[in-house]
Amino acid sequence: MATEPAAEPAAQLAIHDYGLIADGLTCALIGRDGSLGWLCAPRFDSGSLFATLLDPDRAGVCRWAPSGAAAGAGKQQYIENTNVLVTDLAGVRITDWMPARFEGGAAAAGFGGGAVCRLAE
């Protein structure tokens, strides 16, 4: 997995190239290229942390992908009956989710309020 920024910006993905994960108070859009292309946290009405979906040159992005992986080349699917998104990209599997948070419910320390969990295998 690349740990340094790419030399050139990744190609702009179309809206249909993103999967949605959510925690009940906000959501994130995860691209087929391993990018976190949209996130407002801790709520929908908060400022955006990542917004490459709107402006790929100036907005923030978090991208996990093997070096040399083509933008948008991955395949995505949800684990059955869940809001857990799995992206398979160039031999790497990235699993993304946001721990659910319910009004009045206690959230575990560090979870809820816009936390995005990512697991690369």
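**Entry 1: the β6-β7 pair and its sheet**

I began with β6 and strand β7 (residues 85-89), which run antiparallel and are joined by 4 bridges. Strands here are DSSP runs of E of at least two residues, numbered from the N terminus, and two strands pair if DSSP finds at least two bridges between them. The model is predicted: local features need pLDDT of at least 70, side-chain atom pairs count only at pLDDT 80 or more, and totals for chains, interfaces and linings use all residues. Residues are numbered from 1 along each chain as its sequence is written, and side-chain values use heavy atoms, with hydrogens and water left out.

I looked up the bridge partner of Tyr78 in β7 and found Leu85. I then traced the open sheet, in which 4 strands follow the order β6-β7-β8-β9 with antiparallel pairing. β6 (75-78) and β9 (117-120) are its edges; each has a single partner strand, so one side of each is left without a neighbour in the sheet.

I turned to β2, where 5 of 5 residues are buried; buried means under 20% relative accessible area, exposed over 50%, and partly exposed in between, with a 1.4 Å probe and protein chains only. Cys27, Leu29 and Gly31 point one way from the strand, and Ala28 and Ile30 point the other way.

Strand β1 (residues 18-22) pairs with β2 in the antiparallel sense over 5 bridges, and Ile21 stands opposite Ala28. Their hairpin has 4 residues between the strands, and Gly24 there takes a positive phi near 100°. β2 and β3 also run antiparallel, joined by 3 bridges, with Leu39 in β3 as the bridge partner of Ala28. In this second hairpin, which has 3 residues between the strands, Gly34 takes a positive phi near 85°.

**Entry 2: the nonpolar core**

I listed the largest nonpolar core, which has 8 residues: Ile21, Ala28, Ile30, Leu36, Leu39, Ala41, Leu85 and Met98. Such a core is a set of buried Ala, Val, Leu, Ile, Met, Phe, Trp, Tyr and Cys residues joined through side-chain atoms within 4.5 Å. The elements that give two or more residues to this core are β2 (27-31) and β3 (35-40).

I examined Ile30, which counts as buried because its relative accessibility is 0%. Beyond four places in sequence, Ile30 has contacts (heavy atoms within 4.5 Å) that include Gly19, Leu36, Leu85, Asp96 and Arg118. Ile30 and Gly19 are 11 residues apart in sequence, with a C-alpha to C-alpha separation of 5.2 Å. For Leu85, with neighbours within four places left aside, the contacts include Ile21, Ile30, Tyr78 and Asp96.

**Entry 3: salt bridges**

Asp17 and Arg32 form one of them, at 2.9 Å from N to O. Asp17 lies in the segment before β1 and Arg32 in the loop between β2 and β3, so the pair ties together parts that are 15 residues apart in sequence. Asp17 is buried at 9% relative accessibility, whereas Arg32 is partly exposed at 26%.

Asp96 and Arg118 form another, their closest N and O atoms being 2.4 Å apart. Asp96 lies in strand β8 (residues 92-97) and Arg118 in strand β9, so this pair ties together parts 22 residues apart in sequence. I noted that Asp96 and Arg118 are both buried.

How values were computed
A salt bridge is a side-chain nitrogen of Lys or Arg within 4 Å of a carboxyl oxygen of Asp or Glu.
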